[in-house]
Amino acid sequence: MAILSLSIFSDRIVGQTMPTTHLIKEYPVTLGQTTVRLRVTRAQGRSAHCFLIIHDDENTATEATREHIQSAGGTMIELDSGGRRHLVFTMADGQTVTVDPNRLFTDAGLRRDLQRQNPGRSYGDDPAILREVKKLRRQVLTLLKTYRCNPVIAAHNNQDEHAVDSPEERGFSILSYAEGGREVKLGNTRRRPGNPSRVVGEDPDNFFIVTNPRDFERLRGRYNVVLQTRRNDSTAPGGRGPDDDGSLSVMLKTKRYINLEVQSGDKEKQKAMLADLERVLRGKKLQKQH
Ligand SMILES: [Zn+2]
């Protein structure tokens, strides 16, 4: 509760790009001696959906989402962590800690990520470090509630197989969810006829991850889409739920959650997918691509 009330009192308006329609607020979160910011942009319009960009280096997603809410309306919450995918902060004793901001939403996933990002250290068992990282988790979840982000729509970018630095993200695409793919081996794809659903000729890097079967049905045929496994989904390999990697998609596995992945640089594609997602959220089935 201390964090929650602190964030309310530290709200401040830092800019207005359009009078009364476009409001920007910043929520600082201090981890150790390092302050990062969650920035909220709102635009009035027909739609009032809420979009989260958690990886600060995914600039295509940020630009596409900003332009999308400027025309459709809605709320964008973005993490400013210095322009990098991974958040790096310094503890009072000088220790530098690296964490992926989309791997901290569950305790088990956070511990795993701290071990992976900081080899040779035991940061995953350090209560002081865990306490600092959880401040960011709490602030993100508080904002998702405050801005009524239901469903949560996360916008991401990925890279071509040959252009990725981070090994765990290499080659991430709809193919990762197909038979033999990494996400299938981890038990993340819900076993169901036609899942994942691919569109012939569509770049495998551009796809949706959804938790709701109706969203899956409405998107399929028009876009690449995968239906993620739910908790205790007996149709998943081994009867497991999704692999607990600490991501928001795992934390929200039983809620309605939508993840939009587009290859970095293709802003127009990401905007088109956001515009079509608005139709899906209004209950429309998209036309198939020919
Ligand atoms: Zn991302």
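Over which residues does pLDDT stay under 50? That stretch is residues 1–21, for which the model has 20 contacts beyond four places in sequence. Here pLDDT is the predictor's confidence in each residue, from 0 to 100, and two residues are in contact if their C-beta atoms, placed from the backbone, lie within 7 Å. Where pLDDT is low, the predicted coordinates should not be read in detail.

This is a predicted model, so local features need pLDDT of at least 70, side-chain atom pairs count only at pLDDT 80 or more, and totals for chains, interfaces and linings use all residues. Residues are numbered from 1 along each chain as its sequence is written. The chain's mean pLDDT is 87, with 85% of its residues at 70 or more.

Now for the overall picture. You'll find 8 helices and 11 strands in the chain; these are DSSP runs numbered from the N terminus, with helices (H or I) of at least four residues and strands (E) of at least two. Of the 290 residues, 41% count as buried. A residue is buried if 20 or more other C-beta atoms lie within 10 Å of its own, exposed if 12 or fewer, and partly exposed in between, with C-beta atoms placed from the backbone.

Let's look at strand E4 (residues 50–53). In a regular strand the side chains alternate between the two faces of the sheet. E4 is covered on both faces: Cys50 and Leu52 are buried on one side, Phe51 and Ile53 on the other. Its pairings are set out below; two strands pair if DSSP finds at least two bridges between them.

| Partner of E4 | Sense | Bridges |
|---|---|---|
| E5 (residues 74–80) | parallel | 4 bridges |
| E8 (residues 152–158) | parallel | 3 bridges |

In E5, Glu78 is the bridge partner of Ile53, while Val152 in E8 stands opposite Cys50.

Next comes helix H4 (residues 127–146). The expected span of a helix is 1.5 Å times one less than its number of residues. For the 20 residues of H4 that gives 28 Å, and its end C-alpha atoms are 28 Å apart, so the two agree. Buried residues in H4 include Ile129, Val133, Leu136 and Val140. After H4 comes Arg148, which has a positive phi, near 50°.

Finally, Thr34 lies in strand E3 (residues 34–43). Why does Thr34 count as partly exposed? Because 17 other C-beta atoms lie within 10 Å. Leaving aside neighbours within four places in sequence, Thr34 is in contact with Phe89 and Thr90. Thr34 and Thr90 are 56 residues apart along the chain, yet their C-alpha atoms are separated by 6.0 Å.
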